[in-house]
Amino acid sequence: MSFLRRRSATPAGPDFDVLAMDPGDWPGNLGAGLLPAPDGTCQGVFLRYDLFGGRGPAMIIGNLPEGSPAREVAEGEIPFEVGQLLLALENDEEVTVVGTEDTPVLQGDNLLIVRRLKLSESRISCVQFDRSDGVLVTIAAWDRPITDDLYALLKPLPAELFQQG
């Protein structure tokens with residue numbers, strides 16, 4: 001997968017390609033958060049897609065490289081991105097992972113093994129897949145299912161989006 005390789009030049013933001021939906025393809029507002037490590041490296045990126053009309057966040061897409069502390073969750077605990085979605089919604093309900101299911105999905109010519117997480121809060125949909133460069137992508141959506149059509153919309157975002165100005 002050519003778009004999943006590490007960039008050779010080091011940008012001011014993450015040192016890996018961020019796979020998500022292009023902000024121009026989303027009918028709402030986009031917010032991005034970087035997870036910095038004490039040494040200044042980027043330990044992950046999460047993008048929050050909000051709908052217009054004050055209806056709140058609809059989706060969070062996280063990209064966490066190998067070694068990111070945000071990837072380390074105990075059995076039954078929710079992924080970092082689900083926690084961020086709950087915080088954005090100001091929902092303090094206790095949510096746990098109650099099951100998983102692996103599903104093969106085609107993205108272009110590439111086969112992804114997508115883990116669908118079943119959560120105790122049924123209004124949250126969550127899927128995860130590992131990229132060939134070791135980055136874990138997690139998509140958490142509120143009150144809308146994640147369908148296979150979404151994977152066709154995922155692409156690397158330009159590094160300039162994450163550079164400090």
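How many aromatic pairs does the structure hold? There are 2. For pairing, rings of Phe, Tyr and Trp (its six-membered ring) need centres within 6.5 Å; planes under 30 degrees apart are stacked, over 60 edge-to-face, and the rest tilted.

Take Phe46 and Phe80. Their rings sit 5.4 Å apart, centre to centre, with 75 degrees between the planes, an edge-to-face pair. Phe46 is in strand β3 (residues 42–51) and Phe80 in helix α1 (residues 80–88), so this pair links distant parts of the chain, 34 residues apart. Helices here are DSSP runs of H or I, at least four residues; strands are runs of E, at least two; both are numbered from the N terminus. Phe46 and Phe80 are each buried, meaning under 20% relative accessible area, with exposed over 50% and partly exposed in between, using a 1.4 Å probe and protein chains only.

Next, Phe129 and Tyr151. The ring centres are 6.2 Å apart and the planes stand at 75 degrees, so this pair is edge-to-face. Phe129 belongs to strand β7 (residues 124–130), Tyr151 to helix α2 (residues 149–153), so the pair ties together parts 22 residues apart in sequence. Both residues are buried.

A word on the source. This is a predicted model: local features need pLDDT of at least 70, side-chain atom pairs count only at pLDDT 80 or more, and totals for chains, interfaces and linings use all residues. Residues are numbered from 1 along each chain as its sequence is written, and side-chain values use heavy atoms, leaving out hydrogens and water.

Now the sheet. It is open, with 7 strands in the order β2-β3-β4-β8-β7-β6-β5, and the pairing is antiparallel. Two strands pair if DSSP finds at least two bridges between them. At the edges are β2 (28–36) and β5 (97–107), each pairing on one side only. From one strand to the next, the twist averages 20 degrees. Axes are lines fitted to C-alpha atoms, for helices over the stretch in contact, and angles run from 0 to 180 degrees between N-to-C directions.

Look at β7 and β8. They pair antiparallel over 7 bridges. Ile124 stands opposite Trp142 in β8. Helix α1 lies across several strands, including β4 (57–64), and runs at about 150 degrees to β4.

Last stop, Leu136, in strand β8 (residues 136–142). Is Leu136 buried or exposed? Its relative accessibility is 8%, so Leu136 counts as buried. Beyond its neighbours within four places in sequence, its contacts (heavy atoms within 4.5 Å) include Gly62, Arg71 and Phe129.
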